[in-house]
Amino acid sequence: MDSEHATGISKGYVILITTITSFMTAFMGSSMNVALPVIGKEFTLNAIFLSWIATAYFLTTATLLIPIGKLADIYGRTLFFKIGIGIFTLGSLLCAIAGSGVWLMIFRLFQGIGSSFIFTTSTAILVSAVPVHERGKVLGINVASVYIGLSSGPFLGGIIAHNFHWRYIFYSNTLLGVVLGILTLMKFTVDWREAKGEKFDIPGAVVLMVTMLFLMIGLTSLPGLYGFGLIILGGLGLYFFKQVEAKKETPVLNMQLFKNNRGFLFSNIAALINYAATFAIGFLISLYLQDVRMLSAQEAGLVLISQPVMQALLSPLAGRLSDKIEPRIVASLGMGIITIGLIIFIFISPAFPFPLIIGNLALLGTGFALFSSPNANAVMSSIEKKHYGPASAILTLMRMSGQMFSLGVVIVLINVFIGKAQISVQNQATFIIALNFAFSFFSLICLLGVFASLSRGKIIEHRK
């Protein structure tokens, strides 16, 4: 049966709306990386507080993903998708009018709530609306839109921050969110409720959210004893959660998804490792370009654009390849290329050639493209349709957890090497040492990710 008639909703509109949504959230994240140093100067914020403005968003999103995903399966993915767009748009407006760094961080938390609604439903809606043989292609288009957002973010964000004001980055996102909300209300007229009638596991959801908070805040509090203590509590919470959920008839997270499904398990592990090894690159290189090489926000954006441009150009091709070639081969090749790029950045210095920076960012973009959409295709192809909602939430949780871990590593290194001081001429050399350590660590875990990616087994045979 044709996908459009099967779902009662136009496949074209699903692709269009989810593509615009992916662009919007990606644009927000990448433009923020360029704007953070400018925001820091206006509000007199140190590097630690700036990293928390970025971290607050991911902390909220990661904490809520699984519970929101389960609620969406019960009450409707389309409904929650619409709610998420509304919350995210309102959060963008509030960020635009924030009067201090503290209020900006609080409103970023609010944006994170909206993102949890969007991220946990968009991929599930997309793969539900297209035929299996087109899944890799549409996921490639979706990933390309993410990278177009990432590529235009540093460039447009830099221009806006340099020539106007960083607040207009949030205003532009607000306008896009309003347009997207109207489109969604008009065109998303049906819903998916795979768990309709099920009882929501409130105790399990609370345990999971508290556990995620412990783990995430613990990571960002290292190397202090407080951080280690929270991580230990988080680990105990995960064990307790697993034991309790195994006995529930309708758990907030079905642990059976991970059992006897090598493809699903290792594809998610690969996603976790990939984002843990790579997410902080934009943040670190942005600080390096503006605070060490003394480029303006606009100039830094022009340098950073090379990475996501390559991602946008190659992602649709990588998605189509993963419909014909085993996703583990394409994704593992991508992870290997990323490892090489990270190793090159280990040797970054105050005099590191700009052509090498741009070329290496392009190399990293190529690796990201080859990894991301094939890996998402592998995840969604390794499970039954009724599990699309939880699978989408879990994949996003792996991504967000990896991003949080990546920022956590950066926070630890900044704490150890330069403390709460702003990056200046006096501590540039120490900051460079922190960069060298960061890229050395990220290279190592990315290399381990190559083996995790190769270990997932065959996906195409399972999909058929």
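**Rings, bridges and core**

Reply: Happy to! F43, W166 and F170 are joined into a cluster by ring pairs. A pair here means that the ring centres of Phe, Tyr or Trp (its six-membered ring) lie within 6.5 Å; planes under 30 degrees apart are stacked, over 60 edge-to-face, and the rest tilted.

Me: Before we go on, what should I keep in mind about the model?

Reply: The model is predicted, so local features need pLDDT of at least 70 and side-chain atom pairs count only at pLDDT 80 or more, while totals for chains, interfaces and linings use all residues. Numbering runs from 1 along each chain as its sequence is written, and side-chain values use heavy atoms, with hydrogens and water left out.

Me: Good. How many aromatic pairs does the structure hold?

Reply: There are 12 aromatic pairs in the structure. Take F345 and F352: their ring centres are 6.3 Å apart and the planes sit at 45°, so this pair is tilted.

Me: Are F345 and F352 buried or exposed?

Reply: Both F345 and F352 are buried. Buried means under 20% relative accessible area, exposed means over 50%, and partly exposed is in between, using a 1.4 Å probe and protein chains only.

Me: Switching to charges: how many salt bridges?

Reply: The structure holds 4 salt bridges. The criterion is a side-chain nitrogen of Lys or Arg within 4 Å of a carboxyl oxygen of Asp or Glu. One of them joins R167 and E42, whose closest N and O atoms are 3.6 Å apart. R167 is in helix α7 and E42 in helix α2 (residues 11-43), so this bridge ties together parts 125 residues apart in sequence.

Me: How are those helices assigned?

Reply: They are DSSP runs numbered from the N terminus: H or I with at least four residues for helices, E with at least two for strands.

Me: What does K70 pair with?

Reply: K70 bridges to E198, with 2.7 Å between the closest N and O atoms. This one also links distant parts of the chain: K70 belongs to helix α3 and E198 to the loop between α7 and α8 (202-220), 128 residues apart. K70 is buried, with a relative accessible area of 13%, and E198 is partly exposed at 30%.

Me: And R77, what does its side chain meet?

Reply: The side chain of R77 meets D73 in a salt bridge, 3.1 Å from N to O. R77 and D73 are both buried.

Me: Back to α7. What's T174 touching?

Reply: T174 lies in helix α7 and is buried, at 11% relative accessible area. Beyond its neighbours within four places in sequence, T174 is in contact (heavy atoms within 4.5 Å) with T89, S92 and L93.

Me: Then what about S92: where is it, and what's around it?

Reply: S92 is in helix α4 and buried, with 0% relative accessible area. With neighbours within four places set aside, S92 is in contact with M28, Q111, F170, N173 and T174. S92 and R167 are 75 residues apart in sequence, with 9.6 Å between their C-alpha atoms.

Me: Last one: which residues touch the most others in the largest nonpolar core?

Reply: Of its 129 residues, I39, Y288, L289, L342, F345, F439 and F442 touch the most other members. Helix α3 (residues 47-75) gives the most to this core, 16 residues. A core is a set of buried Ala, Val, Leu, Ile, Met, Phe, Trp, Tyr and Cys residues joined through side-chain atoms within 4.5 Å. Neighbours within four places aside, L289 is in contact with M294, L295, A300, V303, L304, F354 and I357.
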